[in-house]
Amino acid sequence: MKKGENKNFVRNLYLIASIVLAAVLIFTVGVVVARFTTGGTSPENVVEAGNFYFTSDLLKEGGAEIELNPGTLTVSFELRNSADKLRFADVDVNYTVSAEGGATLGVTEGTLAKDAKSTETVTLSGLADGGTYTVTAEGHTGSGSGKGFTKTLTATFKVGTETAAAHKWLRADDDYVELTVWTEGNVTGSCVITYPEGLIPDNTDPAMAGWTTGPSSGTDGASFTVADSSHVYRFFVPDGRSLQADDFTVTVGGTSADVKNPVPTP
């Protein structure tokens, strides 16, 4: 190869390499731009490449189940644009909230402002015992069809039901038995006990004053005026016979007592 031809060959190699490098750069820039474009060319369709956080104290990504006590009428939760005290979104976070199950939301949409920690407290009201309510919150950048980053948080709230029951349990000693009666929930009213023949009620107990030797029944109108109450009734057994809780008929406010050990075995 002659000297002039050699220079032309090297020059051509440089030219080809420059063209290839320029093509690679154009392709790379195109990929980067595509990563941050959700569609179209309008500004609202371009996702800002910033820190995006959407969190809650009760709602979770993937869902959470939360048990609420009977009688709960409302529950509140927070929506946040931060991950902790130091990390917060540097883009506005728009959000929508919806609920299933018949409860009412105090807030259904809004914006958590960027560049500082921002929090919205949302109250779910109209809850009822035994109800199940699912709340969904979606946080996103952009608006309309041009949503950018998106995160969905959910929680299912379950309100318990009040237990309403009366129970009895018998403990025997050498010459007497003790009948324990107790209630759960809103069972209140007079306690009526029918006891077997030959049993002698302990009249030193004001609740049993005036009760006579069985077969008979006695009424205690003072021990169960409020919910979740209990009382122990003592009966003397002159003949030392064996007795069971089912030998006594017990009602509290009209609710029949079932047999239940107040201190169950582990």
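Predicted model: local features only at pLDDT ≥ 70, side-chain atom pairs only at ≥ 80, totals over all residues.
If you want residues to look for on the screen, Ser-98 has Thr-136 in β8 as its bridge partner, while Ala-137 has Leu-153 in β9 as its bridge partner.

There is also an open sheet of four strands, in the order β1-β3-β7-β5, with antiparallel pairing. In that sheet β1, at 55–56, and β5, at 104–105, stand at the edges and have a single partner strand each, so one side of each is left without a neighbour in the sheet. For β5, there is an antiparallel pairing with strand β7, residues 119–125, over two bridges, and there Leu-105 stands opposite Leu-124 of β7.

Now to the charged side chains, where a search of the whole structure finds nine salt bridges, of which I will discuss a few. Asp-246 forms one with Lys-168, and the closest N and O atoms of that pair are 3.9 Å apart. The two residues come from distant parts of the chain, with Asp-246 in the loop between β15 and β16 and Lys-168 in strand β10, 78 residues apart.

A second salt bridge joins the side chains of Glu-178 and Arg-234, at 3.1 Å from N to O. Glu-178 lies in strand β11, residues 176–184, and Arg-234 in strand β15, so this pair ties together parts that are 56 residues apart in sequence. Here Glu-178 counts as buried, at 16% relative accessibility, and Arg-234 is partly exposed, with a relative accessible area of 29%.

The last pair I want to show is Arg-241 with Asp-239, a salt bridge whose closest N and O atoms are 3.1 Å apart. In this pair Arg-241 is partly exposed, at 32% relative accessible area, and Asp-239 is exposed, at 53%. Finally, to return to Glu-178 and Arg-234, salt bridges that share partners join these two residues and Arg-171 into one network.

Key
Residues numbered from 1 in each chain as written. Heavy atoms only, no water. Pairing = 2+ DSSP bridges. Salt bridge = Lys/Arg side-chain N within 4 Å of Asp/Glu carboxyl O. Buried < 20%, exposed > 50% of the residue type's maximum accessible area, 1.4 Å probe, protein only.
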